[in-house]
Amino acid sequence: MAENSTEVLVGGAVLALAIGFGIYAAQVAGISGGGAGYPLTASFRSAEGIQVGTDVRLAGVKVGSVTGVDLDTETYRAVTTFTVQDGVQVPDDSAVLVSSEGLLGGNFIEISPGGSPFYLAPGDEVVDTQGAVSLISLLLKYVSGGSGQ
């Protein structure tokens, strides 16, 4: 009987650890149920490195996350939907760009605020965008002496 109760205790501990890891993974991936915010969209020529759960930052501070990345089959642009925390107002002349954390870091969406006194409403589209810059293309241009195509 002592072996049976030990197995039950060890099994319960393993189950609790697995549930805790699952909750942590969901929060890190940005798929947790909580988190109020309003949606915005932006269309990029290249959204390389951007996926659901990618950070959205303003002045280096995370203010939201990407909730969807789809291809517009008419314009062949990546339409990105992301949320911004309630209470963070984004001026309507702001720019949204795909930035990199560094040479080996991942990409994120950066909001560069404008100076307009008017703000984007939930569901609005940010028109001023800049897509991802390919590091390989830049290196090839440098190696070829800047005569890249």
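Which residue in E6 stands opposite arginine 57?

Modeller: Glutamate 110 stands opposite arginine 57. Before going further, a word on the basis. This is a predicted model, with residues numbered from 1 along each chain as its sequence is written. Local features need pLDDT of at least 70, side-chain atom pairs count only at pLDDT 80 or more, totals for chains, interfaces and linings use all residues, and side-chain values use heavy atoms, with hydrogens and water left out.

The chain has two helices and eight strands (DSSP runs numbered from the N terminus: H or I of at least four residues for helices, E of at least two for strands). From the N terminus, the order is α-β-β-β-β-β-β-β-β-α. The eight strands make an open sheet, ordered E7-E1-E4-E3-E2-E6-E5-E8, with mixed pairing (two strands pair if DSSP finds at least two bridges between them). Strands of a sheet pair through backbone hydrogen bonds, either parallel or antiparallel.

Back to your pair. Arginine 57 and glutamate 110 face each other where E2 (residues 55–58) pairs with E6 (residues 107–112). That pairing is parallel, over three bridges.

E6 also pairs with E5, here in the antiparallel sense over six bridges. Isoleucine 111 in E6 is the bridge partner of valine 96. Valine 96 also stands opposite threonine 129 in E8. E5 and E8 run parallel, over three bridges. Five of the six residues of E5 are buried, so this strand is largely enclosed by the rest of the structure (buried: under 20% relative accessible area; exposed: over 50%; partly exposed in between; 1.4 Å probe, protein chains only).

Six of its eight residues are buried, so E1 is largely enclosed by the rest of the structure. Eight bridges join E1 to E4, running antiparallel, and glycine 37 stands opposite glutamine 85 in E4. E1 pairs with E7 too, in parallel over two bridges. There, threonine 41 has glutamate 125 as its bridge partner.

In soluble globular proteins, nonpolar side chains tend to be buried together.

Leaving out residues up to four places away in sequence, isoleucine 111 touches Val56, Arg57, Leu58, Phe82, Val84, Val90, Ser94, Ala95 and Val96 (contact: heavy atoms within 4.5 Å). Across the chain, residues 24 or more positions apart account for 61% of the contacts with a separation of 6 or more.

Next, the loops. Serine 46 sits between E1 and E2 and is buried, at 17% relative accessible area. Serine 46 touches Val98, Gly131 and Ala132, again not counting residues up to four places away. Alanine 59, in the loop between E2 and E3, is exposed at 76%. Its phi is near 60°, a positive value in a residue other than glycine. Tyrosine 76 lies between E3 and E4 and is exposed at 62%. Its phi is also positive, about 55°. Most residues other than glycine have a negative phi.

Last, the surface. Buried residues make up 28% of the 149 in the chain. The accessible surface is about 9900 Å², 59% of it from carbon and sulfur atoms (Shrake-Rupley method, 1.4 Å probe; for residues, only the protein chains shown count as cover). Val133, Leu135, Ile136, Leu138, Leu139 and Leu140 form a nonpolar surface patch with about 590 Å² of accessible area together. Patch residues have over 30% relative accessible area and no salt bridge; like charges are joined within 9 Å, nonpolar side chains (Val, Leu, Ile, Met, Phe, Trp, Tyr) within 5 Å. A salt bridge puts a side-chain nitrogen of Lys or Arg within 4 Å of a carboxyl oxygen of Asp or Glu. Isoleucine 136 lies in helix H2 (residues 135–143) and is exposed, at 56% relative accessible area.
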